[in-house]
Amino acid sequence: MYFYSYSKNSIAAFEKETTELLFETNFEKEGPNGMGGSISDLKIDKDGNIWIYTPGDKLYQMSSTGEVIKKYELKTEEIFEKNISLFGYFEIKDDILFAPTIPMTFQWTSLTIDEMASLSNLITYDLKEDTYEVISTFDKGYLGTNLNKMIMPSMILGKNGEVIINHNYKDIFVIQDGKQNSFEASFSGFSSDPPVSSMPDMFDDMNEIMRIMNYSDAYERIAYLPIHDKYMRLAKFEESPADGMDFDRTFLHSKWALIFLNDQFEKEGEIILPESETNGNYIFETKEGVWFSTDHPDNPNLDEEKFQFRLLKVK
């Protein structure tokens, strides 16, 4: 299992069963192995290589010791001409990059529903050929009649290579064999209606943008658990920092829930994790079950010298 530290710009790898530290790699910003800036997303492939996506549409393949194996500068001019840009998150398989996209018109409330529905929300990018392909556009049923809300997607590759699109509200979309279908994957404690700004246009106020994008009820991500052959969707509850909006994104939500689906995307159950005792950023599985981090700043048993986890049995 891997843990990335934004403050240290480093990644630490641990053996799941023994919790032994296997290695810790600090990433450089300058020099021959430098990335030049901050990390947008990071993935580890089956061979242990580290893939890093940075602002400016740059992708790095790196060794576990932090050496650059290969650097890709994605040719995104044609993508920009379609009024979309890469969101900064990705999956990778066999030299194909899967990347969510968002409108170049950041104030998407200025678009019509039809204009938004015509835009890509997911592309594939062939790293060898420097070509891309649109594989999904925004679903009109998902968009509804009001764009004054959070609409940025994330995605993973599923058990059988399916593309699974996770939006911050409503259900999931699964693309397989060229067909896209939606599956019920909602948490019962959330409204069936998405969090929508009460302002005429949320883009008129930066704090309102932050509230809608970062602090409303939302489905943070979805992951496949190969040991238990299930999908797990992580939800976070609406909450705001007591001292105002946190533009550094260091605020940690105190209430999280998990939704479990089988390998056919049928909902099997859900659970609310202990309030103010959960860090939803760190969750992993072993044969014993699913482990979630208890390293929350409001947890009275917090130990800043250790990573601490609790076990959740999976039936």
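Q: What makes D177 count as exposed or buried in this predicted model?
A: Look at its relative accessible area, which is 75%. The cut-off for exposed is over 50%, so D177 is exposed. You'll find D177 in the loop between strand 15 and strand 16.

Q: What is worth noting about the phi of D177?
A: Its phi is positive, about 55°, although D177 is not a glycine. Most residues other than glycine have a negative phi.

Q: Which class of accessibility does D95 fall into, and why?
A: D95 comes out at 27% relative accessibility. Buried would need under 20% and exposed over 50%, so D95 counts as partly exposed. D95 sits in the loop between strand 9 (91–93) and strand 10, and its phi is near 65°, a positive value in a residue other than glycine.

Q: Why is the pair of F14 and F307 called edge-to-face?
A: Start with the general idea: a pair of aromatic rings is described by the distance of the centres and the angle of the planes. For F14 and F307 the centres are 5.8 Å apart and the planes stand at 90°. Rings pair if their centres lie within 6.5 Å, and planes over 60 degrees apart count as edge-to-face, so this pair gets that label. The structure holds 25 aromatic pairs.

Q: How do you know that the pair of F14 and F307 links distant parts of the chain?
A: Check where the two residues sit. F14 is in strand 2 (residues 10–14), while F307 is in the loop between strand 22 (289–293) and strand 23 (309–312). They are 293 residues apart.

Q: What makes F284 and W291 a stacked pair?
A: Their rings are 6.4 Å apart, centre to centre, with 10° between the planes. The distance is within 6.5 Å and the angle is under 30 degrees, so the pair counts as stacked. F284, at 12% relative accessibility, is buried, whereas W291, with a relative accessible area of 23%, is partly exposed.

Q: Which aromatic cluster do these rings belong to?
A: F14, F307, F284 and W291 are in one aromatic cluster with F3, Y282 and F309.

Q: How do you know that the charged end of K255 sits over the ring of F237?
A: Part of the check is distance: the charged end of K255 is 4.7 Å from the ring centre of F237, and the cut-off is within 6 Å. The charge also has to be within 35 degrees of the ring normal. K43 has its charged end over a ring too, that of F90, 5.1 Å from the centre.

Q: Why do strand 1 and strand 2 count as paired?
A: Two strands pair if there are at least two bridges between them. Strand 1 (residues 2–5) and strand 2 have four bridges and run antiparallel, so they pass.

Q: What makes strand 13 and strand 16 edge strands?
A: Four strands form an open sheet in the order 13-14-15-16, with antiparallel pairing. Strand 13 (154–157) and strand 16 (179–183) are its edge strands, as each pairs on one side only. Further in, three bridges join strand 14 (residues 163–166) to strand 15 (residues 172–176), and V163 has I175 as its bridge partner in strand 15.

Notes: Residues numbered from 1 in each chain as written. Predicted model: local features only at pLDDT ≥ 70, side-chain atom pairs only at ≥ 80, totals over all residues. Heavy atoms only, no water. Phe/Tyr/Trp six-rings, centres within 6.5 Å; stacked < 30°, edge-to-face > 60°. Helix = DSSP H or I, 4+ residues; strand = E, 2+ residues; numbered from the N terminus. Buried < 20%, exposed > 50% of the residue type's maximum accessible area, 1.4 Å probe, protein only.
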